[in-house]
Amino acid sequence: MPLDLIAVYQDLHAHPELGFAEHRTAGIVAEHLRAAGYEVTTGVGQTGVVGVLERGDGPTVLLRADMDALPVAEDTGLSYASTQVASRADGTTTPVMHACGHDVHTTCLIGAAYALAADRGWSGRVLAVFQPAEELGRGARAMVADGLFDRFGTPVVVLGQHVAPLPAGVLGVRPGPAFAASDSLRITLYGKGGHGSRPETTCDPVVMAASFVMRLQTIVSRLVSANDVAVVTVGSMHVGTAHNIIADEAVLQLSVRTFDPAVREKVLEAIERFARTETLAAGSDREPLVELIESFPAVVNDGAASEQASAAFASLPKVMVVDPGSVTGSEDVGILAIESGAPCAYWLLGGANPASFAGATSLPEIRQIVASLPSNHSPHFAPVPDPTLRVGVAALVAAARSWLS
């Protein structure tokens, strides 16, 4: 490899940037793509980067990595841990961390871009897409809206990977629905404020919100079949400013994950109905405000494309290919496949220290250990650079070559 991948990774990890603010990261990506001989376009979908490498007649293969980080304060203790602080659109500041591993994705695609450029044994066209704002659920759509496929061509396949706390050296390929659809909602429950000593003169949104949160727990347990999958999480609740003041409103933010469109519709309808029910029961004279602030579809891997990628991975040394089952986390890479009409093959890349899995010989045993490790979005999430990066580069190259050959 013509560069030190670990050094690239550690630099990106130490300098994370939020969605649509990946200016430094995009600059580094563009520099490496140009050095590898790619035709480079920056500013696609605001901060996205596209590299094109053409070599004779053949198919266009899209390789995708996301670049943005999360508003999380890192607590890994790594020597290259992030200490970055960023400004939000509302003027507040937040610590920033690559808590989901997009630095791994970016580094692996940089490495794959160099490797494919150095390999003279293929014919076709490589489209290296470095996407912004995946965590906002808007990056893929932004690049498509900015003419990604009109300007750079339509691929025959969309390929990519997501690092996860599987043992490094494991690649997880799931045909069919692989990553859940995601819906994010902001719900405002309106009450009537007043003095904390006279609750009888108010309509307390704290009580309303608390009851609403508990009622939401019945959606999965009582409204969704045990044969279906749904996740409803209240990630944020803000109400009140002081101990002796009853506030006027409560604002909650929810994350919903589903695979089946019918289940999605049922869950979203129940959330809105429960919000109305709670405000009515509390005696509020104002309907709740339910806003859908982010939504993107499930990632559905094409069966034939998944099989082809898996066959390519099987030739890699010291790599185990498994079916990890459906992941309730979400990804907007599916939008690139839907909008281009191309099949998708998107897999999990193991990033956990293999030593943590010593003695595990079956997938259930591996899953039990995975459940005990820091997960994506945790302030403790820390993939091991080696062999994660080597395997990630090899997987991207092998999958791309199976189409380019």
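A polar contact is here a pair of N or O atoms within 3.5 Å; within protein, one of the two must be able to donate a hydrogen and the other to accept it, and residues adjacent in sequence count only if both atoms are side-chain atoms.

## Basis of the report

The model is predicted, and for that reason local features need pLDDT of at least 70 and side-chain atom pairs count only at pLDDT 80 or more, while totals for chains, interfaces and linings use all residues. Residues are numbered from 1 along each chain as its sequence is written, and side-chain values use heavy atoms, with hydrogens and water left out.

Histidine 105 is found in helix α3; helices (H or I, at least four residues) and strands (E, at least two) are DSSP runs, numbered from the N terminus. A polar atom of the histidine 105 side chain lies 2.9 Å from the backbone nitrogen of valine 163. Histidine 105 is buried, with a relative accessible area of 2%, where buried means under 20% relative accessible area, exposed over 50%, and partly exposed in between (1.4 Å probe, protein chains only). Not counting residues up to four places away in sequence, histidine 105 touches Ala65, Asp66, Cys100, Gln161, His162 and Val163, a contact being heavy atoms within 4.5 Å.

Glutamine 161, one of those partners of histidine 105, is found in strand β7 (residues 157-167) and is likewise buried, its relative accessible area being 4%. Its side chain is joined to that of tryptophan 347 by a polar contact of 2.8 Å. Leaving aside neighbours within four places in sequence, glutamine 161 is in contact with His105, Cys108, Tyr346, Trp347, Leu349, Gly392, Ala395 and Leu396. By contrast, 36 Å separates the C-alpha atoms of glutamine 161 and arginine 215, which are 54 residues apart along the chain.

## The pairing of helices α2 and α3

The axes of helix α2 (residues 23-36) and α3 come within 9 Å and cross at roughly 10 degrees; axes are lines fitted to C-alpha atoms, for helices over the stretch in contact, and angles run from 0 to 180 degrees between N-to-C directions. The crossing makes α2 roughly parallel to α3, since angles under 35 degrees count as roughly parallel, over 145 as roughly antiparallel, 65 to 115 as roughly perpendicular and the rest as oblique. On the α2 side the contact is made by Thr25, Val29, His32, Leu33, Ala35 and Ala36, and on the α3 side by Thr106, Ile110, Ala113, Tyr114 and Ala117. These residues divide into eight nonpolar, three polar and no charged, where Ala, Val, Leu, Ile, Met, Phe, Trp, Tyr, Cys and Pro count as nonpolar, Asp, Glu, Lys and Arg as charged, and the others, Gly among them, as polar.

Threonine 106, which lies in helix α3 (residues 102-118), is buried with a relative accessible area of 1%, and the residues that threonine 106 touches beyond four places in sequence are Leu12, Thr25, Val29, Ala65, Asp66, Met67 and Phe130. Leucine 33 has its place in helix α2 and counts as buried at 2% relative accessibility. Although leucine 33 and tyrosine 114 are 81 residues apart in sequence, their C-alpha atoms are 7.7 Å apart in space.

## Helix α9 and the cysteines

Six of the eight residues of helix α9 (residues 333-340) are buried, so this helix is largely enclosed by the rest of the structure. The buried residues are Val333, Gly334, Ile335, Leu336, Ala337 and Ser340, and just after α9 glycine 341 takes a positive phi of about 75 degrees.

The structure holds zero disulfides, a disulfide being a pair of cysteine sulfur atoms within 2.5 Å. For cysteine 100, the nearest cysteine sulfur is that of cysteine 108, 14 Å away. Cysteine 100 is buried, with a relative accessible area of 8%, and cysteine 203 is buried with a relative accessible area of 8%.

## Backbone features

Most residues other than glycine have a negative phi, and most peptide bonds are trans. Phenylalanine 20, in the loop between α1 (5-14) and α2, has a positive phi near 65 degrees and counts as buried at 16% relative accessibility. Lysine 318, in the loop between α8 (303-314) and β16 (320-322), has a positive phi near 55 degrees but is exposed, with a relative accessible area of 83%. A cis peptide bond, with omega of about 15 degrees, joins aspartate 386 and proline 387, and proline 387 lies in helix α11 (residues 385-404).
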